[in-house]
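The following exercises are to be worked through with the sequence and the structure in view. Each task is followed by a solution in steps.

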Amino acid sequence: MTRPVRVLYLAGSGRSGSTLVTTVLGQYAGFFAAGELRYLWQRGEVENRPCGCGLPFRDCPLWRAVRRDVPVDRAGGIAGRLRGRLRLRGVPALLRRHRRGRRAVPAHPDDAALAGLYAAVARHAGARVVVDSSKLPPYGALVGALPGVELRVLHLVRDPRATAFSWRRRRGLDGEADQRLMSRPPVWKAALLWLVWNTLTARLWAGEPGRYLRVRYEDLTADPEATLGRIVAFAGAGPSTGAEAGPFTGPATVRLAPTHSVAGNPSRHRTGPVPITADVEWRRGLSRWSYAVVTALTAPGLRRFGYPWRRGGPAAATPEED
Ligand SMILES: [Zn+2]
C-alpha cells in the first residue's frame, strides 16, 4: 500500500492571490507548486503552453517524466469530459449529493487517470504536498474523492470589489507577449461567480476544521510571512528541520525560484526578489456604479467573510464562524 498523496487544494473564486500563494508555497521544502492541474490535459498536453519554468509543457523535464506515467494520448477526451462534469449548472445537484453524504461529483472511468496524475506528480517532484491551485470547488470535490489522495483545502477569499476590478484588467494568458487575453467577465458576472464559488467552498469543507483553512487576501498581504507559515503548518509537509525556513528575505519579501506550475496567471513566471503587497488599485479604479452592483450582488457573502459594505468603511468586521 503506497502512502496517499497530500494535496493542498486552493479553492475559491479567481483573482484572490492563489497564483502568488502557490508560487511561494512551492519554495518550501516538501511542497510542489503544480499550478492549476485541472487544466493540465488541455492547456498543458493539448496546447503545449509554457510551464512555470518557461519551457513548453511537453519539453519541461518534470512534466516529461510525469507524462510517461499518465495516458496523455487521451488528454483531449479527458479535458472535454472534465469540463462536462464540472459545469456551473451542475452545482445544485452537487450540493444535494453532498448533503446526503454521497460523492459530490460522481465517479467516472477517467478518475483512474486523474488519480494517477497526482501520484506521478508527487513521485517525480519528490513532494510530500502537491499544491493544486485549480480553485473551482467542484473539481476540488472530485480530487478529494480520488483514490490515493488526501485533501486539505485552503480557501482564499478576497474582497469581491477587488476581484471584480482585477478581472476587468487586460492581461495576457501567458505573459505580456501573449495575444490571447485572459477572460474578462463583466462586473455583475464576476460578482455572482464570487458568491457561488466562495459559498460552495464553505459549504463543502468549512465543517471539517482539520481539513479546511480560510485565509483572506487582505490578511495575507498585511502579514505575509506569518500567514504563509500558518498555511505551511496546516498543509503539514512534515516536521520542520529548520532548513525549511522558506523563501522570505523580509517579513513581506520573498525570493522566488522558478516553479513548474501548469496554467495559472502570468505572475507565476516571476522570479527573484518579489515584494508581497496588497494590490489596492481597485479602491481608486472601480467606479461607483460597479462598486454598488458588486456590493448588492455579493451582500450575503460580504458579511459572512467579513467585508464592509461601504467603500473605505471600517476594514472588515470579524468574519462569521461557519
Ligand atoms: Zn517546467
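Helices (H or I, at least four residues) and strands (E, at least two) are DSSP runs, numbered from the N terminus. The model is a predicted one, in which local features need pLDDT of at least 70, side-chain atom pairs count only at pLDDT 80 or more, and totals for chains, interfaces and linings use all residues. Residues are numbered from 1 along each chain as its sequence is written, and side-chain values use heavy atoms, with hydrogens and water left out.

**Exercise 1. Locate isoleucine 78 and describe its surroundings.**

Step 1. Isoleucine 78 belongs to helix 4, which spans residues 75–85.

Step 2. Accessibility is judged next: buried means under 20% relative accessible area, exposed over 50%, and partly exposed in between (1.4 Å probe, protein chains only). Isoleucine 78 has a relative accessible area of 1%, so it is buried.

Step 3. Contact means heavy atoms within 4.5 Å. Leaving aside residues up to four places away in sequence, isoleucine 78 touches Trp41, Pro71, Asp110, Ala113 and Leu114.

Step 4. Isoleucine 78 and aspartate 111 are 33 residues apart along the chain, and 9.4 Å separates their C-alpha atoms.

**Exercise 2. Determine how strand 1 is placed and which strands it is joined to.**

Step 1. Strand 1 covers residues 5–11; 7 of the 7 residues are buried, so the strand is largely enclosed by the rest of the structure.

Step 2. In a regular strand the side chains alternate between the two faces of the sheet. In strand 1, Val5, Val7, Tyr9 and Ala11 point one way, while Arg6, Leu8 and Leu10 point the other way.

Step 3. Two strands pair if DSSP finds at least two bridges between them. Strand 1 is joined to strand 4 (residues 149–157) by 7 bridges, and the two run parallel. Arginine 6 has glutamate 150 as its bridge partner in strand 4.

Step 4. Another 5 bridges join strand 1 to strand 3 (residues 129–135), again in parallel. Here valine 7 has valine 130 as its bridge partner, and arginine 6 stands opposite valine 129.

**Exercise 3. Carry the analysis on to strand 3.**

Step 1. Strand 2 (residues 31–35) runs parallel to strand 3 and is joined to it by 4 bridges. Glycine 35 has aspartate 132 as its bridge partner in strand 3.

**Exercise 4. Describe the nonpolar cores.**

Step 1. A nonpolar core is a set of buried Ala, Val, Leu, Ile, Met, Phe, Trp, Tyr and Cys residues joined through side-chain atoms within 4.5 Å. The largest has 53 residues, and those with the most contacts inside it are Leu37, Trp41, Trp63 and Tyr139.

Step 2. The largest share of this core, 8 residues, comes from helix 6 (residues 111–125).

Step 3. Apart from it lies another core of 24 residues, among them Leu10, Val21, Val215 and Val254.

**Exercise 5. Find which residues of helix 13 are buried and what they pack against.**

Step 1. Helix 13 covers residues 288–297, and its buried residues are Ser290, Tyr291, Val293, Val294 and Thr295.

Step 2. These buried residues pack against helix 8 (160–168), helix 9 (187–205), helix 12 (282–285) and helix 14 (299–305).

**Exercise 6. Examine the positive phi values of arginine 15 and asparagine 48.**

Step 1. Most residues other than glycine have a negative phi, and most peptide bonds are trans.

Step 2. Arginine 15, although not a glycine, has a positive phi of about 60°. Arginine 15 is placed in the loop between strand 1 and helix 1, and at 9% relative accessibility it counts as buried.

Step 3. Asparagine 48 has a positive phi near 55°. Asparagine 48 is found in the loop between helix 2 (40–46) and helix 3 (61–67), and at 23% relative accessibility it counts as partly exposed.
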